[in-house]
Amino acid sequence: MPLGRSSILAQVLSVAQMRAAEEALFEQGTSVEALMETAGRGAGEYVRRIAAGRPVTVLCGPGKNGGDGYVIARHLMEHGTPVRVVAAADPATPAARNARGLYQGEVLGPDAVIEGEVLIDCLFGSGLTRPLSDSLLGLLRTLAENHHLKVAVDLPSGVESDSGACLNAGLPRFDLTVALSAWKHAHFAMPACETMGALRLFDIGVAAVPGAAAVLTRPLFTPPPADAHKYRRGLLGIVAGEMPGAPLLSAEAAMRAGAGYVKLFARARPAGVPNDLVCHAGPDADGLDDPRIAALLVGPGLGRSGAAAERLQAVLELSVPVVVDADALVLLGPGMMTGPAVLTPHEGEMAALERAFGLSADAPKHARALALAQASGAVVLFKGPDSVIAAPDGRVLHAPRAPSWLSVAGTGDVLAGITASRLAVHRDPFRAASEGLWLHGEAARRSGPAFTAGDLARTVSKAFA
Ligand SMILES: NC(=O)C1=CN([C@@H]2O[C@H](COP(=O)(O)OP(=O)(O)OC[C@H]3O[C@@H](n4cnc5c(N)ncnc54)[C@H](O)[C@@H]3O)[C@@H](O)[C@H]2O)[C@@H](O)CC1
Ligand SMILES: [K+]
């Protein structure tokens, strides 16, 4: 079945995939010039509206990103917005030369001293291959300091498209970044994504690229069916360990994320178990062989002792769909997982997993998640300010930026609880990770500023709205 335009617009492309998608358009008869015209006019319209009559300075580089800049400048001129171009270098491609030739307005050299209102960065886009020279960085920084509002076209210059690395220190921050044709990994990866301001995408009609990564979009949630009961909605077992607080936090979130029944398995009933949470107290693995258990969560508060490792081993041997989080990730090694699983590491836990599985940490974040997914056979939700999900079959999902208020203790336990709850509902690890991450971000948005992990857990049911 062909993908709808909204699915295509969620795709995230590497530079190589982007070039191949553009080639496909050229083969269908579109010219480079026509594509640049479409892209430049689309971005130009965003700029025209945001400038609202204030004078605009367009910084143009040698490549097609610079070509887009000349189209934008012409579009602004035609619509009466005062505009001038600063050419950092002469256009180096035929399409960019063509765009330069069609623009009849003012073009200044890189030495011109310019102050103004709105700066448009068309120095480099996805074709950047190395750090900016000192003189180009100086030009970009000076212009950025001398303008109030800053818009990057496709990508801010100095940002590596496939990784989100900033190839220079001291790159300016933008208020808006208008991505052209498709999202790139950098739009969702730290540290680059943090410099981009608001993100917008202008569609120029590229087709779906098989195997492309995608942006996490709102999942479709349906209420339980009319004949649902607690077991059919999913029984989630949360395996406690040496510290009771973390699994209780996970349980608070899990109870609000869709599972019909959440049960805490602990050696002794901890203090503070809420009335709506069932607690099973008994020795390790006691009661965990209940065939009605649809999913398990292990890791929050587990501890890292030999006893904790044995408890983890006992859980994983059940082959029940499982979310493995926190301490359990540090105890995990190759061959231990026997059933469907979601791993939810942060950076430190990821580093431990990479050591355990013999993987390199020297790769873009999404590639690291994918490598671990393929080595472990589990879905990997690599969390942080730029969370990404990868599946062993190659699927990759980037999460849009979530509120930075999430950087508070316990929010990882909440994420694990939500994800495990979704896993208990349908037992699909990739879907559970996607829904879990989305609900977590949405609950954070609805929690306002300066929330606690407990506030966040109690807001999860509202995120379904
Ligand atoms: N193919 C097309 O027609 C379209 C291209 N688009 C634009 O094209 C851009 C990509 O164009 P290009 O591939 O020409 O890439 P860029 O415009 O980013 O620039 C690449 C050029 O700069 C050189 N270069 C790379 N890093 C440099 C550095 N640090 N210092 C000096 N020179 C450096 C490269 O050797 C190459 O000549 C996209 O970001 C987007 O803005 C869009 O307009 C969509 C349509
Ligand atoms: K740019």
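How do the residues of the shell around ligand 1 divide into nonpolar, polar and charged?

Author: The model is predicted: local features need pLDDT of at least 70, side-chain atom pairs count only at pLDDT 80 or more, and totals for chains, interfaces and linings use all residues. Residues are numbered from 1 along each chain as its sequence is written, while chains are lettered from A and ligands numbered from 1 in the order in which they are written.

The shell around ligand 1 holds 13 nonpolar, 11 polar and five charged residues. Here Ala, Val, Leu, Ile, Met, Phe, Trp, Tyr, Cys and Pro count as nonpolar, Asp, Glu, Lys and Arg as charged, and the others, Gly among them, as polar. In total, 29 residues surround the ligand; a residue is near a molecule if its C-beta atom, placed from the backbone, lies within 6 Å of it. The closest are Gly 63, Lys 64, Asn 65, Gly 125 and Gly 127.

Two helices take part in this shell: H3 (32-51) and H4 (64-78) each supply at least two of its residues. Helices (H or I, at least four residues) and strands (E, at least two) are DSSP runs, numbered from the N terminus.

The loop between H3 and strand E2 (56-60) contains Ala 52. The phi of Ala 52 is positive, near 45 degrees, in a residue other than glycine. Most residues other than glycine have a negative phi. Ala 52 counts as exposed because it has 10 C-beta neighbours inside 10 Å; the limits are 12 or fewer other C-beta atoms within 10 Å for exposed and 20 or more for buried, with partly exposed in between and C-beta atoms placed from the backbone.

Ser 181, in the loop between strand E7 (176-180) and E8, also has a positive phi, of about 75 degrees, although it is not a glycine. Ser 181 has 22 other C-beta atoms within 10 Å and is therefore buried.

The loop between strand E8 (183-184) and strand E9 (198-202) is the place of Pro 191. Met 190 and Pro 191 are joined by a cis peptide bond, with omega about 0 degrees. Most peptide bonds are trans.

As for annotation, the unreviewed UniProt entry places the feature "domain: YjeF N-terminal" at residues 18-212; UniProt positions are in the numbering used here, feature names are shortened, and annotations may be inferred rather than shown by experiment. The end C-alpha atoms of residues 18-212 lie 10 Å apart, and this span is 34% helix and 20% strand.
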